[in-house]
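Dear colleague,

Please find below the structure I promised to hand over, together with its sequence. My notes on what was found in it follow directly after.

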Amino acid sequence: MELGEKIRSLRLKQKISIEQLSGMTGLSKGLISQIERDITGPSVASLWKISKALNVTMNYFFDEYDDFNQVVRKHERKKLMMRKASRIYELLSPDLKKQIEMLWIEIDPNEKIEDELISHDGEECGVVLKGTLRVLSGEKVYDLNEGDSIYLDSTIPHKYLNLGDDVSVSVWAMVPPSF
């Protein structure tokens, strides 16, 4: 089942109209309609708002496997591609039902995303494996290079950007799982 189809199915099951979901999330009715028809993919911030409005975690839309595996092969990672593939999130941990979430994040160069900062319960720590990464956390701006790491209090609004000329690759640990 595609992401948009899952959102639409859950919305209808809860007897929520697109107009009501728009009011609950602050997203336009047109954008929600396009997301539900898989015409456009939601940003992480938009999916976060939809998840909260529909009273589920973001994991609801991606958790397809009930069997716990200790090993996640590269070709078996659950993927979430955002904004015409300008960023890719891959789940490194077997699922989001444990105490820690591990993510591999790739962001295309010179990204111009204007999404708002997001916040959630918990903490996160990331390390840049390739390229550069700008991390906005509250009023602070951190520019990270290969090998640099950062710890964030996830309750402080934050986001990651790649303003460099090469793909940015980073690995993140988040507790509790929030994706």
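Is Arg11 buried or exposed? Please bear in mind that the model is a predicted one. Arg11 has a relative accessible area of 6%, and because buried means under 20%, Arg11 counts as buried.

Salt bridges

Arg11 is paired with Glu36, and their closest N and O atoms are 2.6 Å apart. Since Arg11 belongs to helix α1 (residues 3–13) and Glu36 to helix α3 (residues 29–36), this pair ties together parts that are 25 residues apart in sequence. Glu36 is buried as well, its relative accessible area being 7%.

A second salt bridge joins Lys49 to Glu116, with 2.9 Å between the closest N and O atoms. Lys49 is part of helix α4, while Glu116 sits in the loop between β3 (101–107) and β4 (123–130), so that parts 67 residues apart in sequence are tied together. Glu116 is partly exposed, at 46% relative accessibility. Lys49 is likewise partly exposed, with a relative accessible area of 23%.

Arg77 is found in the loop between α4 and β1 (78–82) and Glu90 in strand β2 (residues 87–91); the two are 13 residues apart, and the pair links distant parts of the chain. Arg77 is buried, with a relative accessible area of 17%, and Glu90 is buried at 6% relative accessibility. Together with Lys79, these two residues are linked in a network of salt bridges.

Helix α4

Helix α4 spans residues 44–53 and is mostly covered, with eight of its ten residues buried. Among the buried residues are Val44, Leu47, Trp48 and Ile50; Ala45, Ser46, Ser51 and Ala53 also belong to the buried set. Lys49, described above, is a partly exposed residue. Just after α4, Asn55 adopts a positive phi of about 60°.

Ser22

Which residues does Ser22 touch, not counting those up to four places away in sequence? The contacts are with Leu27, Ser28, Lys29 and Ile32. Ser22 itself is located in helix α2 (residues 18–25). With a relative accessible area of 14%, Ser22 is buried.

Yours sincerely

Conventions: Residues are numbered from 1 along each chain as its sequence is written. This is a predicted model: local features need pLDDT of at least 70, side-chain atom pairs count only at pLDDT 80 or more; totals for chains, interfaces and linings use all residues. Side-chain values use heavy atoms; hydrogens and water are left out. Buried means under 20% relative accessible area, exposed over 50%, partly exposed in between (1.4 Å probe, protein chains only). Helices (H or I, at least four residues) and strands (E, at least two) are DSSP runs, numbered from the N terminus. Contact means heavy atoms within 4.5 Å. A salt bridge is a side-chain nitrogen of Lys or Arg within 4 Å of a carboxyl oxygen of Asp or Glu.
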